[in-house]
Amino acid sequence: MHFREFSPKCLHGGEKARIWLDVAPRADGGYWRLPILSVAGASDGPTLLVLAGVHGDEYEGIVAIPRLFEVIQPGDLRGRLLMLPVCNVPAYEGARRSSPVDGLNLARVFPGQRDGSITEQIAYWICDRLLRQADFMIDLHTGGIAYELPLLTGYVHDEGAYGQASLGLARAFGAPVLWGHPLPLPPGRSLTAAYDLGVPCAYTEAPGGSGIDPHVAGSFLSGLFNVMKHLGMLQGEQARQTLTHHLVGHGDLDSVIETPVAGLFQREVALLDEVEAGQRLGVIQDESGAVLAEIIAKQAGVLIMLRGLPRVQAGDGIAHVAQPV
C-alpha cells in the first residue's frame, strides 16, 4: 500500500497491525517503505503518533516501539496508537544521521514536499497521512553516534494552551531533564510541523553511542506508557522520576559551539555541568598532543550537549549551553 492510500480511520477497533507503506521507487527496482505499527483500542479516545529513527543512528526508540507494540493490548487502550519505529529508512540502512541518498537531514525538512527527494517525500507523507490525523505526537531521539545528551524531554515553552499541553506531555514522560523551546521554533523540525498543525507534542533526547543502551530503551518504553496514562488512553498510575533540571533555550543543535580545526577533542567538563561565559570546555589536539584550539563557552548556563565522538573535523558541533528556567 502506498502512503497516499492510508488513513488511520481505516483501522478497526480492537486490532493490532503491522503495515508497510510505500513512499517512492528505489534505484534497485524496489520501493522505499516505512513500517507502521498500529494499535486500535476497543473504545474511542485520542490518537497518539510516536516517531523514532528520524535519524538513522539513534537506536533506542527503534527498539522501544516494537516492545510497546508487543505488550500493549487493544482491549486496554482507548483511542489509537500509531508508531513508526524507523522514519528515515535510507539513513538507517546506512547507519548515518542523514540520508546517504540525498544528503538531507529528515529532522530539518518537515513538512517536506510531495514531489521532492526521498527525505522530503518521507517528511511529507508522515505529515499528510499521520500527523494531520493525530491528537498528540512524541518523537524519540538520542544523541546518535557522535553526540551525548542527558535523558530529557523537550517541549514548546509557551504560556498559551498549546504550550501547556506540550509541557504536560513532557512532564508525563518522566525524564529527569525538561528542556523548553520558546516560540518561534526553528524550521524543519517535526516539533515545528506539529505546532503548525496544532498537534501538541514533545520529543526526547538521550545519551548517544554506537550501541543500544537498555536503560534508555526502557526509559522510552516507560515514558510512552506514562504519556498514554496522562492522556487517558490507559488506566493506572504513572511511574514517577525526580526532575533534576528544567532548562530553556531555542534547542537548535545546528547552532552550537563548533571546533575551528580538525583533531581530537579532549573535554574538561561533563553533561549538565554549570559553566561560565569564557570558561574552557576542552581542547582540540593533533596527533602529537599539541593543542590546536581551545573550546570556550560563549555564555553561562548548563551543558545540555557535548561531543561524544572524540575525532572531529572543522565545523563539527562540540557543545551547547542552555539556561535554567
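A nonpolar core is a set of buried Ala, Val, Leu, Ile, Met, Phe, Trp, Tyr and Cys residues joined through side-chain atoms within 4.5 Å. The structure described here is a predicted model.

The largest nonpolar core has 55 residues, and Val23, Leu49 and Leu84 touch the most other members. Helix α3, residues 118-129, supplies the largest share of this core, with seven residues. In soluble globular proteins, nonpolar side chains tend to be buried together.

Once neighbours within four places in sequence are set aside, Leu49 is in contact with Leu82, Leu84, Leu130, Leu131, Ala134, Phe136, Met137 and Ile138.

Four strands form an open sheet in the order β15-β14-β12-β17, and their pairing is antiparallel. The strands β15 and β17 stand at the edges with a single partner strand each, so one side of each has no neighbour in the sheet. Two bridges join β12 to β17 in the antiparallel sense. In this region, Gly263 stands opposite Val312 of β17.

| Strand | Residues |
|---|---|
| β12 | residues 263-267 |
| β15 | residues 291-296 |
| β17 | residues 311-312 |

Thr192 lies in helix α5, which covers residues 190-196. Is Thr192 buried or exposed? Thr192 has 10% relative accessibility. Buried means under 20%, so Thr192 counts as buried. Apart from neighbours within four places in sequence, the contacts of Thr192 are Leu185, Pro186 and Pro187.

Technical notes
Residues numbered from 1 in each chain as written. Predicted model: local features only at pLDDT ≥ 70, side-chain atom pairs only at ≥ 80, totals over all residues. Heavy atoms only, no water. Buried < 20%, exposed > 50% of the residue type's maximum accessible area, 1.4 Å probe, protein only. Contact = heavy atoms within 4.5 Å. Pairing = 2+ DSSP bridges.
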